[in-house]
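Please open the model in your viewer and keep the selection panel at hand. The stops below say what to select next and what is there.

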Amino acid sequence: MKIYVVQPNDSVDAIASSQNVSAQSIIYDNQLVYPYALAVGQALLLSEADALEVPDASAYPAYAGGYAYPFISRWVLQQTLPYLSDLFIFSYGFTTEGELIPPLLDDTFMITMAKDFGVAPILTLTPFGPDGQFSNYLITRVVNNETAKQQLIENLTAQIRERGFEGVDIDFEYILPEDKFAFTDFVREVRTAVNALGFPVSVALAPKTSDTQTGLLYEGKDYGLLGEAADYVLLMTYEWGYTYGPAMAVAPINKVRQVVEYALTRIPAEKINLGIPNYGYDWTLPFVRGTSKATTIGNIEAVQIAIQRGADILFDEISQAPYFNYILDNVTHEVWFEDVRSLSAKFNLVKEYGLRGMSYWQIMQLFRANWLLLDDTFTIR
């Protein structure tokens, strides 16, 4: 496979002819929308016409996980599962007494479909309070209370035995600094119990670049200790560009690299999964902190916006991410998203540092070119 960047006056048929690929493969692989208009600067993934599917012995072996809510389209899940090793089902909460709170919608079909595709369904544990936000009060009450902690661990193992989960992912955020060691002990104890059933435990880590990084996202998570306590970790290397922040790349590769390089000083490469975003944002300008709010969009949707507004897609070489501007109702917008170029840069980082693999937040919208590129780059374990 190769990446082609659309030039002025290009058409699907012209690209197909010049690149010796089929027009239908361009349309299908890149989810082009009839009448198949293109944006200048749009990155297309091209596959050779009538190519034989021959396994590449040199492909890098890696794990690939994806987070999904139980309201995911069954069709999207079916299209995505062939490219995953783990499906992180989001999410299970808990009470201060250690009782599990399942998702509002039944997730049984996700467990069943994952197993049908040979993918491990993973129970994702989150400390959401009544307001739907991460609650460090919940964390404090459970990790420091032996009775509640053991009750939660027993409930987790019961779910694994009764429902068929094949692992637990611990996604706790805003941990108080004084709970750092108690939280690490909790992860270690969950791992001991879940490992006894033959399954792994992972933990999500906010994107730190030093031991002394300040802020509630970072101070309660010790990379070294948690790297030892869990079977593997997920680096949440996204959200530099976020809903309430200024317009910028969601996962700029220069920032992602800094996090990876720090993580490698504390955690073995074979225990690190790189977080990858499957979305973008549409900001209005000028940015006003406390007032501005970006709209979350899909990567296919971003390209359609560029086409509809006649915007050329640009590519920032430092962040290795695509972006564009457009004007609607006299308001300037700036859009940053992911394409096969930005994803290729992240895949190359995984290979460069010999990481375990990657995990996607999230897989609710299908981005077929990503999965085809992933399949072309890695052998998924």
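## From a helix end to a helix pair

Begin just after helix α1, where N20 takes a positive phi of about 60 degrees; helices here are DSSP runs of H or I with at least four residues, strands are DSSP runs of E with at least two, and both are numbered from the N terminus. This is a predicted model, in which local features need pLDDT of at least 70 and side-chain atom pairs count only at pLDDT 80 or more, while totals for chains, interfaces and linings use all residues. Residues are numbered from 1 along each chain as its sequence is written, and side-chain values use heavy atoms, with hydrogens and water left out.

N20 is found in the loop between α1 and α2, and with a relative accessible area of 63% N20 is exposed (buried means under 20% relative accessible area, exposed over 50%, and partly exposed in between, with a 1.4 Å probe and protein chains only).

Step back to α1 itself, residues 12-19, and select its buried residues, V12, I15 and A16. Viewed down the axis of α1, these buried residues fall within an arc of 100 degrees, so they line one face of the helix; the arc is that of the directions from the helix axis to the C-beta atoms. The face turned away from that buried side carries the exposed residues D13, S17 and S18.

Next, go to the loop between α2 and β2, where P35 is found, and inspect the cis peptide bond that joins Y34 and P35, with omega of about 10 degrees. A further cis peptide bond runs from F90 to S91, with omega near -5 degrees, and S91 lies in strand β4.

Select Y83 in the loop between α3 (74-80) and β4 (86-94); at 18% relative accessibility, Y83 counts as buried. Leaving aside neighbours within four places in sequence, Y83 is in contact with A64, W371, L372, L374, D375 and I380.

Finally, display helix α9 (residues 253-263) with helix α11 (residues 340-353). Which residues of α9 meet α11? They are I253, V256, R257, V260 and E261, and they meet A345, K346, L349, E352 and Y353 in α11.

Terms used:
Contact means heavy atoms within 4.5 Å.
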